[in-house]
Amino acid sequence: MAENNWTPTPLDTSGIELDAGLLALVEALAENAHAHWARRRFSEGWRRGAERSDIALTHPLLVPYPELPEPEKEYDRELAVETIKVVLSLGYRILPPA
């Protein structure tokens with residue numbers, strides 16, 4: 001087995017707080033991330049199944065975002081929150097649409 005010599009060092013975003021407007025953006029990004037993931041799986045031949053099978057190409061989470069279990073939605077939200085925080089920590093601004 002290969003030895004893992006990599007230590008992940010993401011940017012420290014612990015000091016960044018998201019305002020209410022950005023928190024609303026989180027849900028849209030989380031839903032889009034799930035849709036992107038699902039579309040890719042479908043294009044690779046995956047389909048919804050009772051359990052995940054890399055052989056049969058089935059996955060129980062190939063459902064619309066609103067039907068996901070809350071822990072799975074939270075996973076997508078955490079990714080969205082961290083992405084927004086990284087964008088802000090790099091000095092970019094996110095403005096609401098006009």
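In helix H1, the buried residues include Leu 22, Val 26, Ala 30, His 34 and Ala 38. An α-helix has 3.6 residues a turn, so residues three or four places apart point the same way. In this model, which is predicted, helix H2 (70-89) is part of what covers the buried residues of H1.

The length of H1 was checked against its residue count.

At its start, Asp 19 places a side-chain oxygen within 3.1 Å of the backbone nitrogen of Gly 21. After the helix comes Gly 45. The phi angle of Gly 45 is positive, near 95 degrees.

The segment before H1 contains Thr 13. This residue has a relative accessibility of 6% and therefore counts as buried, the cut-off being under 20%. With residues up to four places away in sequence left aside, Thr 13 touches Glu 82, Lys 85, Val 86 and Ser 89.

Salt bridges were searched for across the whole structure, and six were found. One of them pairs Arg 41 with Glu 44. Their closest N and O atoms are 3.6 Å apart. Both partners are partly exposed: Arg 41 has a relative accessible area of 22%, and Glu 44 has a relative accessibility of 40%.

Another salt bridge links Asp 54 to Arg 52, with 2.9 Å between the closest N and O atoms. Arg 52 has a relative accessible area of 51% and is therefore exposed, since exposed residues are those over 50%.

Arg 77 and Glu 70 also form a salt bridge. Here the closest N and O atoms are 2.4 Å apart. Arg 77 is buried, with a relative accessible area of 15%, whereas Glu 70 is partly exposed at 44% relative accessibility. This pair belongs to a network in which salt bridges with shared partners join Glu 27, Glu 70, Glu 74 and Arg 77.

Terms used: Residues are numbered from 1 along each chain as its sequence is written. This is a predicted model: local features need pLDDT of at least 70, side-chain atom pairs count only at pLDDT 80 or more; totals for chains, interfaces and linings use all residues. Side-chain values use heavy atoms; hydrogens and water are left out. Buried means under 20% relative accessible area, exposed over 50%, partly exposed in between (1.4 Å probe, protein chains only). Helices (H or I, at least four residues) and strands (E, at least two) are DSSP runs, numbered from the N terminus. Contact means heavy atoms within 4.5 Å. A polar contact is a pair of N or O atoms within 3.5 Å; within protein, one must be able to donate a hydrogen and the other to accept it, and residues adjacent in sequence count only if both atoms are side-chain atoms. A salt bridge is a side-chain nitrogen of Lys or Arg within 4 Å of a carboxyl oxygen of Asp or Glu.
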